[in-house]
Amino acid sequence: MKKKPIRDGKAPAKGMDVSDEYADSYGETHKKPIDLEYAISHSSYLLLDGIQDQYELLDIGCGTAGYWRLMGRWKQIVGLDYSKKMLAVAREFVDELGLRNVELVHSSFRDYDPGQSFDAIISGTFGHYDPLTKEMLDKLNGMLRPGGVLVLSFQTPKSVRHALHVLLRRDRLFRYPGEFVSFMTRNGFDLKLTTSHAPRISFFGGNYSCFFRKRP
Ligand SMILES: C[S@@+](CC[C@H](N)C(=O)[O-])C[C@H]1O[C@@H](n2cnc3c(N)ncnc32)[C@H](O)[C@@H]1O
């Protein structure tokens, strides 16, 4: 099979060292056999693959992308990451697993111009790495087809202290789940499903994958 080179886009000079450092250990997690725990921790991808067929997916911050081994019904996947090291490990997985119609792009989301639209976009980077601004959401919106699925993660505060810190911040567009959902609703997205990897419901330290549908 002809190997596609990693497409070079723009990526910032700073901030990549951290993810570069984790590339090998993330990569190792995808070499183990698939068990329940593994499937649950990457369940957003399983769901995306189950609810669509022959879809075009943009995976922002794909890292080593080894979890793509859980999927199989895509027409095209574009994996975007600003860490070259992560993408080098991803490249090995893609070749080893013989995954077809996959493109790896070295770029930050901010500087990325795909020149195409997608049926689904998934990213765990907003909120965690970068705040989700109106500008970023507009950019995501512009890349997604009407009726398309956007999966974003939302973290609840880690402690009471952290909750107070978040609530007092005036520079955030949203601070708690209700504000996040109304921000998305105001901007053309309906929340359809929320999943969590945690085996219990807890007030603090939750990490939720939120499945939004772009209004047709
Ligand atoms: C938690 S890691 C994902 C790891 C992946 N799930 C795996 O198993 O390898 C998040 C990734 O997002 C990338 N990232 C964060 N912000 C980004 C941005 N604005 N543009 C592109 N990549 C970004 C980081 O380089 C990192 O590889």
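Student: Which residues of the largest nonpolar core touch the most other members?

Tutor: A nonpolar core is a set of buried nonpolar residues joined through C-beta atoms within 7 Å. In this predicted model, the largest such core has 45 residues, and Leu57, Ile121 and Leu150 touch the most other members. Strand 6, residues 144-155, supplies the largest share of this core, six residues.

Student: What is Leu57 in contact with, leaving aside its neighbours within four places in sequence?

Tutor: Contact is judged between C-beta atoms, with a cut-off of 7 Å. By that reading Leu57 is in contact with Leu48, Trp74, Ile77, Phe118, Asp119, Ala120 and Ile122.

Student: How many bridges join strand 6 to strand 8, and in which sense do the two run?

Tutor: For a strand pair, read the number of bridges and the direction. Strands 6 and 8 (residues 207-214) run antiparallel and are joined by seven bridges. On its other pairing, strand 6 meets strand 5 in the parallel sense, over five bridges.

Student: Which strands does strand 3 pair with?

Tutor: Strand 2 (residues 55-60) pairs with strand 3 in the parallel sense over six bridges, and five bridges join strand 3 to strand 4 (residues 102-106), again parallel. Two individual pairs can be located in the structure: Asp59 is bridged to Gly79 in strand 3, and Leu80 is bridged to Val105 in strand 4. Strand 3 is also mostly covered, with six of its eight residues buried.

Student: Is Leu132 buried or exposed?

Tutor: The reading is a count of neighbours: a residue is buried if 20 or more other C-beta atoms lie within 10 Å of its own. Leu132 has 21 within that distance, so Leu132 is buried. Leu132 lies in the loop between strand 5 (118-123) and helix 5 (134-143). Not counting residues up to four places away in sequence, Leu132 touches Phe126, Gly127, Leu137 and Leu152.

Student: Why does Ala88 count as partly exposed?

Tutor: A residue with 12 or fewer such neighbours is exposed, and partly exposed covers the range between that and buried. Ala88 counts as partly exposed because it has 16 C-beta neighbours inside 10 Å. Ala88 lies in helix 4 (residues 84-97).

Student: Which residues come nearest the ligand?

Tutor: Of the 18 residues around the ligand, Ser19, Tyr26, Gly61, Gly63 and Thr64 come nearest. Helix 1 (16-29) and strand 3 (74-81) are the elements that give two or more residues to this shell. By class, the shell has eight nonpolar, eight polar and two charged residues.

Student: How many helices and strands does the protein have?

Tutor: The protein has seven helices and eight strands. Its radius of gyration is 17 Å, close to the 17 Å that the globule rule gives for 216 residues, so the protein is as compact as a globular protein of that length. Of the 216 residues, 32% count as buried. Among contacts between residues at least 6 apart in sequence, 69% join residues at least 24 apart.

Methods: Residues numbered from 1 in each chain as written. Predicted model: local features only at pLDDT ≥ 70, side-chain atom pairs only at ≥ 80, totals over all residues. Helix = DSSP H or I, 4+ residues; strand = E, 2+ residues; numbered from the N terminus. Rg over C-alpha atoms; globule rule 2.2 N^0.38 Å. Contact = placed C-beta atoms within 7 Å. Near = placed C-beta within 6 Å. Nonpolar A, V, L, I, M, F, W, Y, C, P; charged D, E, K, R; others polar. Pairing = 2+ DSSP bridges.
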